[in-house]
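Trainee: I have a model open and would like to learn how to read it. Please take me through it feature by feature.

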Amino acid sequence: MSAIHLQNLVKKFGDFTALKTMDLAIADGEFMALLGPSGCGKSTTMNMIAGMEEPTSGKILFGERDMEGVPMGRRGVGFVFQNYAIFTHMTVRQNLAYGPRMRGAAKAEIDRRVGAIAEMLQLTPLLDRKADRLSVNILQRVAIGRSAIMEPAIFLLDEPLSNVDAAFRAVMRTELKQLQRQFKQTMVYVTHDQLEAMTMADRIAVMDHGVLQQVGTPFEVYNNPANVFVARFIGSPGMNLLKGRPAESDRGLVVDLGPLGVTPPLPDAIAPAVRAARADVLYGFRPEQVAVSDRGLSMPVSFVERIGARTIVHLGESESAVKAVFENDVGLAIGQTAIVAPAESSVRVFDAATGQAIK
Ligand code: ATP
């Protein structure tokens, strides 16, 4: 019943098409993140699922049921926004109890549910505090609790953590995931923060400019990006992409990167397709999957960034710039020439003209 199907969904605002077309199947009980940069159409998609916006065309099904014309209040969805919507003149307890009370639940039942949700969201000591005395962090926790207490089969969250501070956000990521595990709702979570999507979601729908770019598990979108947009957007820093052409060598098919030096042979899984494509390509590898070597890409070190235990080494410049991330200090300094080798199995190749992964 609480699976969600978006079929050929389109949304126009006047002449502007915010969502070009969206086909997405979200399974019952799945945690799906809608991830993409600002303006890509995430909230528009979410608002249509919630029933706050009508699609221009296409269908939204909950289970087998077409949601066309079904108002927000009848869809059985819980919704939490970026800006918490809670009653500031009430206590935390009154806020949490509001929904069940409106539904006519018995007092004992309300008390039980408020107690359980407060415990889960660490609100128990604050239950009798007035909401106007609480921090933004806690208010957002109350807002999530107020929606969750209704035990909606579908829970929609639109950037719920973007106004809370970083330390609290980390705590809430864990709590939201636990909440979903416990209630087993279908969760749709809008965010532009890949860390949130990567840590919580079962699958991620990556969007850009009103177009769904890829749907996959966090592992899939990181390891096998469907195109150059996903390759660059996922990962921090994103995937390195260097212009090249497929070439034969005594070590098998490689990508010729011109003066940058020897590049490793392509993984067996993609080498035949790259050979068949014979086009200009983008040679991609993750900054985390690079080793200092005596054979590989020879590039000048342009900058060294130390972030705690990690070191990000910037190599080369402009179009042939790449980044390499090391978990320890590799002793490289600005001005040196470094030879780095991407792990062969991690190499991905994209058609330079279309941006699509060659598979
Ligand atoms: P953000 O995180 O910035 O909200 P988003 O991915 O959620 O980004 P949407 O809010 O879905 O993006 O907006 C997608 C595009 O549609 C944007 O260019 C936005 O300006 C436009 N848009 C959204 N709502 C309306 C509206 N009511 N009228 C006109 N244009 C709109």
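Mentor: Helices (H or I, at least four residues) and strands (E, at least two) are DSSP runs, numbered from the N terminus. This is a predicted model, in which local features need pLDDT of at least 70, side-chain atom pairs count only at pLDDT 80 or more, and totals for chains, interfaces and linings use all residues. Residues are numbered from 1 along each chain as its sequence is written.

Trainee: How many helices and strands does the protein have?

Mentor: There are nine helices and 18 strands. The C-alpha trace spans about 75 × 45 × 35 Å along its principal axes.

Trainee: How do I read burial, and what share of the residues is buried?

Mentor: Count the other C-beta atoms, placed from the backbone, within 10 Å of a residue's own: 20 or more makes it buried, 12 or fewer exposed, and anything in between partly exposed. Here 39% of the 359 residues are buried.

Trainee: Which residues of helix H5 are buried?

Mentor: They are Met-172, Leu-176 and Gln-180. These pack against strand E3 (31–35), strand E8 (186–191) and helix H6 (194–200), where a contact means C-beta atoms, placed from the backbone, within 7 Å. As for length, the expected span of a helix is 1.5 Å times one less than its number of residues. H5 (residues 166–183) has 18 residues and reaches 26 Å from first C-alpha to last, close to the expected 26 Å. After H5 comes Lys-184, with a positive phi near 55°.

Trainee: What is a nonpolar core, and which residues touch the most other members of the largest one?

Mentor: In soluble globular proteins, nonpolar side chains tend to be buried together. A nonpolar core is a set of buried Ala, Val, Leu, Ile, Met, Phe, Trp, Tyr and Cys residues joined through C-beta atoms within 7 Å. The largest has 96 residues, and Ala-33, Leu-156, Val-188, Tyr-189, Ala-205, Val-206 and Val-349 touch the most other members. Helix H4 (residues 136–148) contributes the most to this core, six residues. Domain 1 (4–230) and domain 2 (232–351) each supply at least three, with bounds from an automatic or database domain assignment.

Trainee: Which residues surround the ligand?

Mentor: A residue counts as near a molecule if its C-beta atom, placed from the backbone, lies within 6 Å of it. Among those around the ligand are Phe-13, Phe-16, Lys-42, Ser-43, Thr-44 and His-192. Strand E2 (16–26) and helix H1 (42–50) are the elements that give two or more residues to this shell; H1 gives the most, three.

Note on methods
Two residues are in contact if their C-beta atoms, placed from the backbone, lie within 7 Å.
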